[in-house]
Amino acid sequence: TPLLKKLEAQGLVERERSAADERSVNIKLTAEGVARKDQAIDIPSKMGDCMNISPDDAKALYDILYRMMGKRITESL
């Protein structure tokens, strides 16, 4: 919720109640959010250019971290 509030305050997302179920809230990107999304697509490759790591090593690292986070979430339940 805090992140959503920040994104909403920046005009990047909008919240609206679901017509089908008043308990649900739908989140959608604003036009500004879509524009930022298009800009953000290049961020991973630009970050990779700044690091001394091959694309294969970066993928391996991502896979390991993802498994670790998944395992940690499972263990805490």
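**Reading labels in a predicted model**

Visitor: Why is aspartate 63 called partly exposed?

Guide: Aspartate 63 has a relative accessible area of 27%. Buried means under 20%, and exposed means over 50%. The value of 27% falls in between, so aspartate 63 is partly exposed. Keep in mind that this is a predicted model.

Visitor: What makes lysine 59 and aspartate 63 a salt bridge?

Guide: Their side chains meet at 3.0 Å, N to O. The cut-off is within 4 Å. The pair passes, so the name salt bridge applies. In general, side chains of opposite charge can pair when their charged atoms come close.

Visitor: Why are lysine 59 and aspartate 63 separated by about one helical turn?

Guide: Because they are four residues apart in helix H4.

Visitor: How do you know that glutamate 32 and arginine 36 meet in a salt bridge?

Guide: The N to O distance between their side chains is 3.2 Å. That lies within 4 Å, so the pair counts. Both residues lie in helix H2, four residues apart, or about one turn of the helix.

Visitor: Are glutamate 32 and arginine 36 buried, partly exposed or exposed?

Guide: Glutamate 32 has a relative accessible area of 38%. Arginine 36 has 40%.

Visitor: What makes arginine 15 and glutamate 8 a salt bridge?

Guide: Again, look at the distance. Their side chains meet at 3.0 Å, N to O. The limit is within 4 Å, so this pair is a salt bridge. Arginine 15 is partly exposed at 33% relative accessibility. Glutamate 8 is partly exposed at 31%.

Visitor: How many salt bridges does this rule count?

Guide: The count comes to five salt bridges. Those between arginine 15 and glutamate 8 and between lysine 59 and aspartate 63 are among them.

Visitor: Why is the aromatic pair of tyrosine 62 and tyrosine 66 called stacked?

Guide: Take two steps. The ring centres are 6.0 Å apart, and rings pair if their centres lie within 6.5 Å. The angle between the planes is 25 degrees. Planes under 30 degrees apart count as stacked, so this pair is stacked. A search of the whole structure finds one aromatic pair.

Visitor: Where do tyrosine 62 and tyrosine 66 lie?

Guide: Both are in helix H4, four residues apart, about one turn of the helix.

Visitor: How do you know that tyrosine 62 and tyrosine 66 are exposed?

Guide: Tyrosine 62 has a relative accessible area of 52%. Tyrosine 66 has 55%. Exposed means over 50%, so both tyrosines qualify.

Visitor: Which residues make the nonpolar surface patch?

Guide: Ile43, Met47, Met51, Ile53, Leu61, Ile64, Leu65 and Met68 make a patch of about 710 Å². Helix H3 (43-50) and helix H4 (55-76) are the elements that give two or more residues to the patch. The largest share, four residues, comes from H4.

Visitor: Why is threonine 30 called buried?

Guide: Threonine 30 has a relative accessible area of 12%. That is under 20%, so threonine 30 is buried. Threonine 30 is in the loop between strand E2 (25-29) and helix H2 (31-40). Leaving out residues up to four places away in sequence, threonine 30 touches Gly11, Leu12, Val13 and Glu14.

Visitor: How do you know that serine 18 is buried?

Guide: The value is 11%, under the 20% limit, so serine 18 is buried. Serine 18 lies in the loop between strand E1 (13-17) and E2. Its side chain reaches the backbone nitrogen of aspartate 21 at 3.2 Å. Beyond its neighbours within four places in sequence, serine 18 is in contact with Ser24 and Asn26.

Note on methods. Residues numbered from 1 in each chain as written. Predicted model: local features only at pLDDT ≥ 70, side-chain atom pairs only at ≥ 80, totals over all residues. Heavy atoms only, no water. Buried < 20%, exposed > 50% of the residue type's maximum accessible area, 1.4 Å probe, protein only. Contact = heavy atoms within 4.5 Å. Patch = residues over 30% accessible without salt bridge, like charges linked within 9 Å, V, L, I, M, F, W, Y side chains within 5 Å. Areas by Shrake-Rupley, 256 points an atom, 1.4 Å probe, with all protein chains shown as cover. Phe/Tyr/Trp six-rings, centres within 6.5 Å; stacked < 30°, edge-to-face > 60°. Polar contact = N/O pair within 3.5 Å; in protein donor to acceptor, adjacent residues only side chain to side chain.
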